[in-house]
Amino acid sequence: MDLFTMRNGDYRRQWTYRWIIFLFAFVVCFWKTAAAQIRYSIPEELNHGSLVGNIAKDLGLDISKLADRRFRIVSGTKQQLLQVNQKTGVLFVNHNIDREKLCDRNNNCLINIKTVIENPLEIHYVGVEILDINDNSPSFPEKDKRLEMTESTQQGARFPLEGAHDADVGINSLSFYQLSQNEHFELEVKDRGDDNKIPVLVLKKPLDRERNPEHNLLLTAVDGGNPARFGTLNITITVLDINDNAPVFDKEVYSVTLQENVPVGTFVVKVNATDLDDGLNGVVEYSFGNTFRSKASELFDLDRTTGEIKVKGPIDFEEKESYEIDVQATDKSQSPLTVHCSVVLQIQDVNDNTPEIEVTSLSSLISEDAKPGTVIALISVTDLDSDINGKMVCTLSENIVFELEPSFQENVYSLLTKEHLDREISSQYSITITATDLGHPSLSSFKTITITVSDINDNSPSFTQDPYTFYVLENNAPGASIFSVSAFDLDQNENARVSYYMKAGEVLGKPLSSLLSINSDNGNVYAIRGFDFEEVKNFKFQVLAKDSGVPSLSCNVTVNVFILDQNDNAPVILSPLSKDGSAEAVETIPRNVKTGYLVTKVRAHDADIGYNAWLSFSLQQATDPTLFGLERNTGTIRTLRPLTETDSTEHKLIIAVKDNGNYSLSTTATIRITTVENTEAFAFSDFKSNTKQQEGNNLTFYLIITLGSISSLFVVSIITLIAIQCHRPRDYISTRYSHDTNYAEVSGDGSLCRSYQYRAAEKHFMFVGPAMNIGSASGFGSNRNTLVIADNGMKASGEVSDVEMLISTC
């Protein structure tokens, strides 16, 4: 037993040491990523397959394992020129490399490539410098050049020529010029940097057209290679007759600063030259000089008359940072004179290049139990702008489960898990990487990585609402879907597939299955037969949701169903109402009435509730539409103007009463109005005044009693409701009051609200629903909600005064 224990202890120690060595090797391999950069130098124009260097040997890698570790080149815009042998690790030339095409005239021509070795992951950066060879001769833009000079050209006059171009750089580039031997001209070279040497002819002896009207010179451009290469230019100078004043520029050098990306047509600068001669000899035309190269001619335009230089092409700082343009001014004489000036354009960088993000993804699927610190991807960012516009900051979108860890190499990051993942919180992560430069305004670019998290079955279905409340109109069509319940499961595949079942129950003593059925696949609930609001106003039942996992998980929810009333009752005229029950009345008014005189009022009610009982009055027909007006909401008829002798003594009005339902219903009332002379009207008014006075006294008495009773009832109701609220569940109160059909509505907080209105001129109390106004209130006999009180004469001298009181209980 002791020997076994000792051996077991040794085994554990050996296992611990192995884990320590494994973790140490993992850390070393991780930090070894992009640990060093190898640099090689090769001349251009090497043949295909030429050896550059053995990367594997220089890095000390095991060549026998390169193929298994997938040794390859993964980045670099020029990696097609070079290729690596995955078996030997040898980097070789894959295509012909022309340094002039690859790097133009840059002194340093470097191809940067990134190599990746897997298992474990290693990234190495290799730089290959391309060395120039003298494979290009200097060349002039043209073989022959013709110049015209007057015999009065001053000694020392300078004539810039377009220089030769040599595509090579360094010692192989253009070195010097040679001018053939002659007695009138000598050569001067103007060095403008960037291997741009401009030859200038200098007149050292005055010309004499009569002695020698033409001079032929040979200009030779020689580079610094070994052996040297050269190019020639034949110069023919024609001597013209005298034009003794040449144009003169305001400045010899015009310096201008111009931002890149300016629009086409942007004004750059205006050069100005003057000529003291008269006539055509003093008229100056401007043109670009011989040193104006083809690329610049595509970007700038010169007005020959005004000397204005404007932009005509895209200006890009990343392509070229400055331009020097020669402008010449020539007069229009038969023997024109020409002078030259220089326009130096400095291009300012604008933050116009967004950062570029390159992602090397290691895995798109990660386990839910992955440990924090797991590497997901390697990210590198670049920006073509310079200075502050090329500095970048790389961030993640607001996501607390991942983080970016910068590498020791600038603008290289590792994407890691920050904490434990939970697929139920998020089964898939879209990680947005944002690279923002520090320019003003800053530019950003985005890159999205999608990570999928694996799942286990650990969630039961859950309904979107608990409980559900649905409102269904009565008289619905049997067999139609009336509402739907929905449950979701945070798991996926079979574990998230939900089925729906309706638990057994009864409604008014009948099985629930005789009223409803449910689709087990989607939760749609269908009505087996139509509902009747008068038969059942509400009911509730339970639905079970069950997933398809093994073992399956389930949950249930309560569904409350409320039946809604429809607009199936037309308005009923209460006043006027003749003895035979028809809505027709006769009103008598005096002829001396004024504008606004109250003739009568049409009263009506609707047995429906809510907006279906909101009534409006309209005048459908009138003997004289200019004499009487009808208030839309109250049904009050008043005179629109005083009566005249020409007005008829009898008038007929047809009033339409219409409810506010979606499909409105209406009825009509007929008012016949007779006008009488003033004496008759006075007697009638006196009689009506006495009657109203008596009714007013009785109304005051009944009103006091009614208000006292309502106030007492209100206090008792409040106390009772509070007591019930404290001892009853909330759904009991809602269910109880939902049976009340007389203009009852449930407010937003669950309380039952009623409104009562007393209108003295109409001699009754009216119940007003929450969605009704005073004009649409119920009249006398409206569903037993109207308290009738006798009118004690509120009308005096032909005017009616309405006294209204609104009592609300909630």
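Trainee: How many bridges join strand β4 (residues 82–84) to β5?

Mentor: This is a predicted model, in which local features need pLDDT of at least 70 and side-chain atom pairs count only at pLDDT 80 or more, while totals for chains, interfaces and linings use all residues. Residues are numbered from 1 along each chain as its sequence is written, and side-chain values use heavy atoms, with hydrogens and water left out. Strands are DSSP runs of E with at least two residues and helices are runs of H or I with at least four, both numbered from the N terminus, and two strands pair if DSSP finds at least two bridges between them. β4 and β5 run antiparallel, and the number of bridges joining them is three.

Trainee: Which residue in the turn between β4 and β5 has a positive phi?

Mentor: L82 has V93 as its bridge partner in β5. The two strands form a hairpin with five residues between them. The phi in question is about 80°, and the turn residue that has it is G89.

Trainee: Which residues of β5 point the opposite way from V90 and F92?

Mentor: In a regular strand the side chains alternate between the two faces of the sheet. In β5 (residues 90–93), V90 and F92 point one way, and the four residues named for this strand, on both sides, are buried, that is, under 20% relative accessible area, with exposed meaning over 50% and partly exposed in between (1.4 Å probe, protein chains only). Those pointing the other way are L91 and V93.

Trainee: Which residue of β5 is the bridge partner of L51?

Mentor: Strand β2 (residues 51–54) also runs antiparallel to β5, joined by three bridges. Within this pairing, the residue of β5 that partners L51 is F92.

Trainee: Which residue in β41 stands opposite Y501?

Mentor: β36 and strand β41 (residues 538–547) pair in the antiparallel sense over five bridges. In β41, the residue opposite Y501 is L544.

Trainee: What separates the C-alpha atoms of D568 and L665?

Mentor: D568 lies in the loop between β42 (554–564) and β43 (572–575), and D568 counts as partly exposed because its relative accessible area is 46%. Leaving out residues up to four places away in sequence, D568 touches E474, D608 and L665, where contact means heavy atoms within 4.5 Å. D568 and L665 are 97 residues apart along the chain, and their C-alpha atoms are separated by 8.1 Å.

Trainee: Which residue in β30 stands opposite V393?

Mentor: A second open sheet of four strands, again with mixed pairing, has the order β25-β31-β30-β27. Its edge strands are β25 (365–366) and β27, and β27 pairs with strand β30 (residues 428–437) in the antiparallel sense over five bridges. The residue of β30 opposite V393 is T436.

Trainee: What is the area of the nonpolar surface patch that includes V393?

Mentor: I388, V393 and L438 make this patch; patch residues have over 30% relative accessible area and no salt bridge, with nonpolar side chains (Val, Leu, Ile, Met, Phe, Trp, Tyr) joined within 5 Å and like charges within 9 Å. I388 lies in the loop between β26 (375–382) and β27 (392–396), and I388 is partly exposed because its relative accessibility is 48%. The patch area is about 250 Å².

Trainee: How many salt bridges does a search of the whole structure find?

Mentor: Among them is the pair R497 and E494, whose closest N and O atoms are 3.0 Å apart. R70, R72 and E118 are linked in a network. The search of the whole structure finds a total of 18.

Technical notes
Areas by Shrake-Rupley, 256 points an atom, 1.4 Å probe, with all protein chains shown as cover. Salt bridge = Lys/Arg side-chain N within 4 Å of Asp/Glu carboxyl O.
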